[in-house]
Amino acid sequence: MTYPRELIDPIIAKNADFDLEGFVFGNGDFTPDIMLIGEAPGEVEIRTGIPFTGRSGKELDKTLAIAGLTRDQIYITSIVRSRPFGRKMMIDKTGKKIVKRPNRMPKTQEILLHAPLLDYEISQVKPKLIVALGGCALKRLIDNKMTISESHGRVWHGKIKQIGSNSKYVASEQEYHVFPTFHPAAIFYNRKIATDLMTDWEKLKEILAKKTF
Ligand code: URA
């Protein structure tokens, strides 16, 4: 997907006010039934320029296979399109101080900065079903109070959040179907969710087969 330059350029310029680097475009079929929305690219994605090509991408591919989906049937993007990085002081093997820049979750202001891009993509892709990968995507799309643990594996239907004037979120005109599930990387931190995560993607397969959305 190409974005209007007047939309993208000011956002990329403002990345400099935050600890955000690079830019990864959405990827996949531009007229799919399903749109996957993740959190933000990591180090690998900034290098490849393709969403979910690192460690969490391998997990995502496993779950897509459970639902009988391939990447060319879906569109994948994220709520923030640049890599949020932290700063961690370390000592290397020679005893020299170095600063590492690990991946981190996007902050509220960073999500707000990139919000017009996600709104634009949703308006172009017109997905029949949005899969929200993880709490950040869920909160950005529906409600800050919602959690993945309470809402995963069921289709939610209603108006989603979009950026309005004054940089405040407003309800979209159109209603959408959203299927919240765990972010693929969640499994690295919490193995206990493995069964729930797989069940979600099995449910998604049923939902897609029955077209109950
Ligand atoms: N997490 C995301 O949300 N997107 C990526 O592209 C990689 C990891």
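**Close-up 1. Packing of helix 3 against helix 8 in the predicted model.** Helix 3 spans residues 55–66 and helix 8 spans residues 194–210. The angle between the two is about 40°, and their axes lie 8 Å apart. Helix 3 and helix 8 are therefore oblique to each other. On the helix 3 side the contact is made by Leu60, Thr63, Leu64 and Ile66. Their partners in helix 8 are Leu197, Met198, Trp201, Glu202 and Lys205. Sorted by class, this contact of helix 3 with helix 8 comprises six nonpolar, one polar and two charged residues.

**Close-up 2. Packing of helix 1 against helix 4.** Helix 1 is formed by residues 5–14 and helix 4 by residues 108–125. They pack at an angle of about 150°, with 9 Å between their axes. Because angles over 145 degrees count as roughly antiparallel, helix 1 is roughly antiparallel to helix 4. The crossing of helix 1 past helix 4 is left-handed. Helix 1 contributes Leu7, Ile8, Ile11 and Lys14 to the contact, while helix 4 contributes Leu113, His114, Pro116, Leu117 and Tyr120. The residues of this contact of helix 1 with helix 4 are seven nonpolar, one polar and one charged.

**Close-up 3. Surroundings of the ligand.** The residues around the ligand are Gly38, Glu39, Ala40, Pro41, Glu45, Pro51, Phe52, Ser56 and His183.

Definitions and conventions
Residues are numbered from 1 along each chain as its sequence is written. This is a predicted model: local features need pLDDT of at least 70, side-chain atom pairs count only at pLDDT 80 or more; totals for chains, interfaces and linings use all residues. Side-chain values use heavy atoms; hydrogens and water are left out. Axes are lines fitted to C-alpha atoms, for helices over the stretch in contact, and angles run from 0 to 180 degrees between N-to-C directions. Helices (H or I, at least four residues) and strands (E, at least two) are DSSP runs, numbered from the N terminus. Angles under 35 degrees count as roughly parallel, over 145 as roughly antiparallel, 65 to 115 as roughly perpendicular and the rest as oblique. A crossing is left-handed if the near helix is turned anticlockwise from the far one by less than a right angle, and right-handed if clockwise. Contact means heavy atoms within 4.5 Å. Ala, Val, Leu, Ile, Met, Phe, Trp, Tyr, Cys and Pro count as nonpolar, Asp, Glu, Lys and Arg as charged, and the others, Gly among them, as polar. A residue is near a molecule or strand if one of its heavy atoms lies within 4 Å of it.
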